[in-house]
Amino acid sequence: MKIGKVNLIYYSPTGTSKRTLEGVAKGLGVKGVEHVDLTPLEAASKSYAIPADSLAVIAVPVYSGRVPPVAAQRLRKVKGNGTPAVLIAVYGNRAFEDALVELRDITTEQGFKTIAAAAFIGEHSFSTEATPIAPGRPDEEDLEKAVKFGEQVKAKLDGVTKPVEVTVPGNRPYRERNPSGPRFPDTTVESCTLCGACAGVCPTKSITVSDKVETVKETCTACSACVKACPTGARVWTNEGIRKAAAWLHKDYSKRREPEFFL
Ligand SMILES: Cc1cc2nc3c(=O)[nH]c(=O)nc-3n(C[C@H](O)[C@H](O)[C@H](O)COP(=O)(O)O)c2cc1C
């Protein structure tokens with residue numbers, strides 16, 4: 001199968017899934033790459049059709065061992081037509097559990113065929129200087145592996161008319177999502193300049209900036225995009241549950257995990 005166009009489809013609040021995906025695209029060695037960024041809220045009101053002669057490369061982060069609910073919702077607006085798909089789950093060095101199998105189920109229902117999949121590691125959304133969890137990942141080594149994975153996908157497609165579908169690890173029923181009450185980052189008034197960077201990156205538009213910063217707690221997904229985007233470090237997690245989780249993840253999940261390919 002000759003790869004015509006490649007569609008990079010992703011939900012990536014803190015950018016690690018997107019960066020990984022771009023590495024894979026480089027390995028595919030195709031010029032015509034089109035981005036379908038499902039991260040901004042505006043993407044939720046659009047529909048997308050990916051033709052049969054394209055290759056879809058789809059990446060999402062792992063939340064509670066699953067596909068983030070917002071990503072699942074937005075992926076249901078993307079239709080394939082028997083379109084071959086490469087699925088990528090990016091996780092924060094703990095575990096990806098049922099995320100790939102759930103991503104496979106969602107995209108199969110949407111008309112895609114899984115011809116390859118991979119799990120990569122990204123800096124954990126809750127990583128801080130005091131409690132680093134996979135800081136700086138994907139790093140150079142990860143991105144080299146992403147390129148290699150892309151090359152392997154290309155080699156699999158070369159010379160076959162109908163690439164074999166693959167299965168991925170994971171369980172059904174999927175893992176229960178971690179129960180949590182409302183949790184959202186806080187803004188340190190003293191260092192906040194009201195620049196609006198936090199509001200600009202929020203994938204659910206849960207932040208408004210006037211003479212102060214306010215967050216709609218019901219729609220905040222805890223993705224931490226605002227924390228990572230704040231230029232003065234004013235946006236922080238003070239939430240007890242998140243701080244405890246970060247300390248636990250730092251203590252128990254600091255040992256480097258490596259990407260896994262399913263081809
Ligand atoms: C609410 C939430 C739940 C998460 N759950 C997991 C998890 O179960 N396992 C894991 O290893 N990382 C988990 N992470 C970390 C993300 O998967 C990781 O940081 C990923 O690289 C973020 O992708 P992005 O940069 O594309 O947003 C979680 C992050 C958030 C915000």
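## Helix 3, mostly under cover

Helix 3 is mostly covered, with 9 of its 11 residues buried. This is a predicted model, so everything here describes a prediction. The buried set in helix 3 runs through Ala-99, Leu-100, Val-101, Glu-102, Leu-103, Arg-104, Asp-105, Ile-106 and Thr-107. What do these buried residues pack against? Their neighbours are strand 4, helix 2, strand 6, strand 7 and strand 12 (260-262).

Just after helix 3 comes Gly-111, with a positive phi of about 100°.

## The nonpolar cores

The largest nonpolar core counts 34 residues, and the ones with the most contacts inside it are Ile-9, Leu-38, Ile-58, Leu-75, Leu-100 and Leu-103. At least two residues of this core come from each of strand 3 (48-50), strand 4 (54-61), helix 2 (69-75), strand 6 (83-91), helix 3 (99-109) and strand 7 (112-121). Helix 3 gives the largest share, 5 residues.

There's also a second, separate core of 24 residues, and Met-1, Val-24, Ile-88 and Leu-157 are among its members.

## Helix 1

Helix 1 (residues 16-28) has 13 residues and spans 19 Å from first C-alpha to last, close to the expected 18 Å. Its buried residues are Thr-16, Ser-17, Thr-20, Leu-21, Gly-23, Val-24, Ala-25, Gly-27 and Leu-28. Their cover includes strand 1 (5-10), strand 4, strand 6, strand 7 and helix 4 (140-157).

Just past the end of helix 1, Gly-29 also has a positive phi, about 65° in this case.

## Salt bridges

Across the whole structure, a search turns up 19 salt bridges. One of them pairs Lys-5 with Glu-34, at 3.6 Å from N to O. Lys-5 sits in strand 1 and Glu-34 in strand 2 (residues 33-37), so this pair ties together parts 29 residues apart in sequence. Both ends are partly exposed: Lys-5 has a relative accessible area of 32%, and Glu-34 has 39%.

Are Asp-142 and Arg-137 buried or exposed? Asp-142 is buried, and Arg-137 is too; their side chains meet in a salt bridge at 2.8 Å, N to O. Arg-256 and Asp-139 form another, with their closest N and O atoms 3.0 Å apart. Arg-256 lies in the loop between helix 7 (240-252) and strand 12, while Asp-139 lies in the loop between strand 7 and helix 4, so the bridge ties together parts 117 residues apart in sequence. Arg-256 is partly exposed at 34% relative accessibility, as is Asp-139 at 23%. Through shared partners, salt bridges link Arg-137, Asp-139, Glu-141, Asp-142, Lys-145, Arg-256 and Glu-258 into one network.

Arg-235 belongs to strand 11 (residues 235-236).

What Arg-235 does have is polar contacts: its side chain reaches the side chain of Thr-187 at 2.8 Å and the side chain of Thr-215 at 2.9 Å. Beyond residues up to four places away in sequence, Arg-235 touches Pro-185, Asp-186, Thr-187, Cys-198, Ile-207, Val-213, Thr-215, Cys-226, Val-227 and Cys-230.

Technical notes. Residues are numbered from 1 along each chain as its sequence is written. This is a predicted model: local features need pLDDT of at least 70, side-chain atom pairs count only at pLDDT 80 or more; totals for chains, interfaces and linings use all residues. Side-chain values use heavy atoms; hydrogens and water are left out. Helices (H or I, at least four residues) and strands (E, at least two) are DSSP runs, numbered from the N terminus. A polar contact is a pair of N or O atoms within 3.5 Å; within protein, one must be able to donate a hydrogen and the other to accept it, and residues adjacent in sequence count only if both atoms are side-chain atoms. Contact means heavy atoms within 4.5 Å. A nonpolar core is a set of buried Ala, Val, Leu, Ile, Met, Phe, Trp, Tyr and Cys residues joined through side-chain atoms within 4.5 Å. Buried means under 20% relative accessible area, exposed over 50%, partly exposed in between (1.4 Å probe, protein chains only). The expected span of a helix is 1.5 Å times one less than its number of residues. A salt bridge is a side-chain nitrogen of Lys or Arg within 4 Å of a carboxyl oxygen of Asp or Glu.
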